[in-house]
Amino acid sequence: AETPAPTAATSDDGPFPSRDDFTLAWGDHILGRLSRRAAVRFQVGRFVSADGGVATFALPNAVHRDRCEEARAEVEQALSAHFGRRIPLRLVVDRQPTGPPPGASPAPEPPDDVDLGDLRDAPPGALASPLDHVMEAFKGAQVVEE
């Protein structure tokens, strides 16, 4: 059975929290207090902005957003209770590209002109059998054959 979220203050007093405030509170305090149904649906999203007195929460696709809409009131109530003021929540589809994060250095380009003649063969080594590996790992062990 689901437990109802605590009753939230409906005041609009005080400054509206920033996106960073929402992000920190979300993982540390709020997500764990939601019903299982709401937590499972909302755990894949992220706060993308906190402008104009509305917290914007992005989800991976429209279907997921629509499913989260069913539990939006519970999340708004949990946010409002945590921050002590009314927190409206807007659900959107995440439009962030799936590439590397901003500021990440690009992967180095492989050289185009590799001369295979410069490659040297690895020195010939003795191929070890699985038994040789076990014997190496357990010094002083003896093989008993029956």
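The model is predicted. Its protein chain averages a pLDDT of 82, and 69% of the residues score at least 70. Over residues 1–9 the pLDDT is below 50, although this stretch has 15 contacts beyond near neighbours in sequence. Where pLDDT is low, the predicted coordinates should not be read in detail.

**Strands**

- β1 and β2 run antiparallel and are joined by five bridges.
- The two strands form a hairpin, with two residues between them.
- G52 sits in that turn and has a positive phi of about 65°.
- β2 also pairs with β3; these two run parallel, again through five bridges.
- One of the pairings there is T56 with R90, its bridge partner in β3.
- β2 is mostly covered, with five of its six residues buried.

**Nonpolar core**

- The largest nonpolar core has 22 residues.
- Those with the most contacts inside this core are W26, L34, F42, F47, F57, L79 and L89.
- Elements giving two or more residues to the core are the helices α1 (19–30), α2 (36–42) and α4 (72–83), and the strands β1 (46–51), β2 (54–59) and β3 (89–93).
- α1 gives the largest share, four residues.
- W26 touches L31, L34, F42, F47, F57, V75 and L79, leaving aside residues up to four places away in sequence.
- In soluble globular proteins, nonpolar side chains tend to be buried together.

**Salt bridges**

- The whole structure holds seven salt bridges.
- R41 and E70 meet through their side chains at 2.7 Å, N to O.
- This pair links distant parts of the chain: R41 lies in helix α2, E70 in the loop between α3 (62–69) and α4, 29 residues apart.
- R41 counts as buried because its relative accessibility is 13%, under the 20% cut-off.
- D20 and R19 form a salt bridge at 3.0 Å, N to O.
- D20 is partly exposed, with a relative accessible area of 46%, and R19 is partly exposed at 33%.
- D66 and R65 form a salt bridge at 3.2 Å, N to O.
- D66 is partly exposed at 44% relative accessible area, and R65 is partly exposed at 26%.
- E69, R72 and E76 are linked in a network of salt bridges.
- Side chains of opposite charge can pair when their charged atoms come close.

Technical notes: Residues are numbered from 1 along each chain as its sequence is written. This is a predicted model: local features need pLDDT of at least 70, side-chain atom pairs count only at pLDDT 80 or more; totals for chains, interfaces and linings use all residues. Side-chain values use heavy atoms; hydrogens and water are left out. pLDDT is the predictor's confidence in each residue, from 0 to 100. Contact means heavy atoms within 4.5 Å. A nonpolar core is a set of buried Ala, Val, Leu, Ile, Met, Phe, Trp, Tyr and Cys residues joined through side-chain atoms within 4.5 Å. Buried means under 20% relative accessible area, exposed over 50%, partly exposed in between (1.4 Å probe, protein chains only). Two strands pair if DSSP finds at least two bridges between them. A salt bridge is a side-chain nitrogen of Lys or Arg within 4 Å of a carboxyl oxygen of Asp or Glu.
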